[in-house]
Amino acid sequence: MSDRIVSWHPAPSKPSYTPPPGAVDAHCHVFGPMAEFPFSAKAKYLPQDAGPDMLFALRDHLGFSRNVIVQASCHGTDNAATLDAIARSGGKARGVAVVDPAISADELAALHAGGIRGIRFNFLKRLVDNAPKDKFLEVAARLPEGWHVVIYFEADILEEMRPFIDAIPVPVVIDHMGRPDVTQGPDGPDMKAFRALLDSRDDIWFKATCPERLDARKEGGMGDPWDNFAAAVAPLVADYPDRVIWGTDWPHPNMQDEIADDGHIVDMIPRIAPTEELRRKMLVTNPMRLYWPEES
Ligand SMILES: O=C(O)/C=C(\CC(=O)C(=O)O)C(=O)O
């Protein structure tokens, strides 16, 4: 792999919508810098450096207070870049790690001390070579107190994921709502199946994230301003207000063909959460319960 990709907007606009004080961007990543934190030999994409300084400048520009940094597949199971960004945040970031399932208790404790509060299981074939469910369940059973599991999968495998998700002994957070086809609308089969999953346990949370991916023109969607996403996701947020969190998804890996303006992504917030109370839950109360429970 040679070319390093850029998927982020060079100068995001200032959003019209202003997030409330304490708002958390609960899904974003850092890449490198590569000279200090090399990418995994198994990485399926090689991005340009997108380090903590850029992330924190964007946080301030968009009007957020905190970040949850999610380990991306290009860094494999070496969480050094994520931990470095958290350490540089002055307490304003926490994270989600990707670990070798054979990780020791001491290593998990070190991740906790570094601000990690969950681990991510990625099932996207274009991003990872394998996702061993038996090993994932084993490590999920011995996580530090208060941690959760983040799962990334696409809607076409939701049914086969159900027994695995049922067996996870800690709270579960689903990335990007399991990537439903938002062009089906709020009552389409993908949203129905996702609601059935949410109804199966009251400790399954979801990220109402990624209009730029789920409603991309290349996916048959509408592109910015992502009207299919707004129509499909708003009813879900309304019906599960205590289990939804939100994030920018910056730096939008693998979206180099349809680069999103992060200001426009923030302006999706009042469209999917039209009341102040919903927005406060989605942006402050809920992510604080998962990532800064001692303050919430
Ligand atoms: O930013 C995301 O959440 C989605 C990604 C990248 C990713 O998750 C990863 O590399 O681990 C994607 O769909 O390519």
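Let's start with Ile116, which sits in strand E4 (residues 116-122); helices (H or I, at least four residues) and strands (E, at least two) are DSSP runs, numbered from the N terminus. This is a predicted model, where local features need pLDDT of at least 70, side-chain atom pairs count only at pLDDT 80 or more, and totals for chains, interfaces and linings use all residues. Residues are numbered from 1 along each chain as its sequence is written, and side-chain values use heavy atoms, with hydrogens and water left out.

- Ile116 counts as buried because its relative accessibility is 0%; buried means under 20% relative accessible area, exposed over 50%, and partly exposed in between (1.4 Å probe, protein chains only).
- Setting aside residues up to four places away in sequence, Ile116 touches Thr82, Leu83, Ile86, Gly95, Val96, Ala97, Leu111 and Trp147, where contact means heavy atoms within 4.5 Å.
- Between the C-alpha atoms of Ile116 and Val173 there are 15 Å, and the two residues are 57 residues apart along the chain.
- Val149 belongs to strand E5, and it is buried too, with 0% relative accessibility.
- The contacts of Val149, leaving aside neighbours within four places in sequence, are Ile119, Phe121, Ala140, Leu143, Ile168, Val170, Pro171, Val172 and Val173.
- From Val149 to Arg217 is 31 Å, C-alpha to C-alpha, and 68 residues in sequence.

**The nonpolar core**

- In soluble globular proteins, nonpolar side chains tend to be buried together.
- In this model the largest nonpolar core has 100 residues; such a core is a set of buried Ala, Val, Leu, Ile, Met, Phe, Trp, Tyr and Cys residues joined through side-chain atoms within 4.5 Å.
- The residues with the most contacts inside this core are Ile151, Phe153, Ile165, Ile174, Phe206 and Met282.
- Helix H11 (residues 276-291) gives the largest share of this core, seven residues.
- Take Phe206 as an example: not counting residues up to four places away in sequence, Phe206 touches Ile174, Met177, Phe194, Leu198, Leu236, Val237, Tyr240, Arg243, Val244 and Ile245.

- The axes of helix H4 (residues 133-140) and helix H5 (residues 158-166) come within 10 Å and cross at roughly 35°; axes are lines fitted to C-alpha atoms, for helices over the stretch in contact, and angles run from 0 to 180 degrees between N-to-C directions.
- The H4 and H5 crossing is right-handed; a crossing is right-handed if the near helix is turned clockwise from the far one by less than a right angle, and left-handed if anticlockwise.
- On the H4 side, Lys133, Phe136 and Leu137 meet Glu160, Met161 and Phe164 of H5.
- Sorted by class, this contact of H4 with H5 has four nonpolar, no polar and two charged residues; Ala, Val, Leu, Ile, Met, Phe, Trp, Tyr, Cys and Pro count as nonpolar, Asp, Glu, Lys and Arg as charged, and the others, Gly among them, as polar.

- Most residues other than glycine have a negative phi, and most peptide bonds are trans.
- The bond from Gly32 to Pro33 is cis, with omega near 5°, and Pro33 lies in the loop between strand E1 (24-28) and helix H1 (52-62).
- Trp250 and Pro251 are also joined by a cis peptide bond, with omega about 0°; Pro251 is in the loop between strand E8 (244-245) and helix H9 (262-266).
- His252, in the loop between E8 and H9, is not a glycine but has a positive phi of about 55°, and it is buried, with a relative accessible area of 0%.
- Arg179 has a positive phi near 50° and is found in the loop between strand E6 (172-174) and helix H6 (189-200).
- With a relative accessible area of 11%, Arg179 is buried.

**Residues with more accessible area**

- Asp156, in the loop between strand E5 (148-152) and H5, is exposed, with a relative accessible area of 67%.
- Ala238 and Ile272 are 34 residues apart along the chain, and their C-alpha atoms are separated by 8.2 Å.

**The annotated domain**

- An unreviewed UniProt entry carries the annotation "domain: Amidohydrolase-related" for residues 24-291; UniProt positions are given in the numbering used here, feature names are shortened, and annotations may be inferred rather than shown by experiment.
- The span of residues 24-291 is 37% helix and 13% strand, and its end C-alpha atoms lie 10 Å apart.
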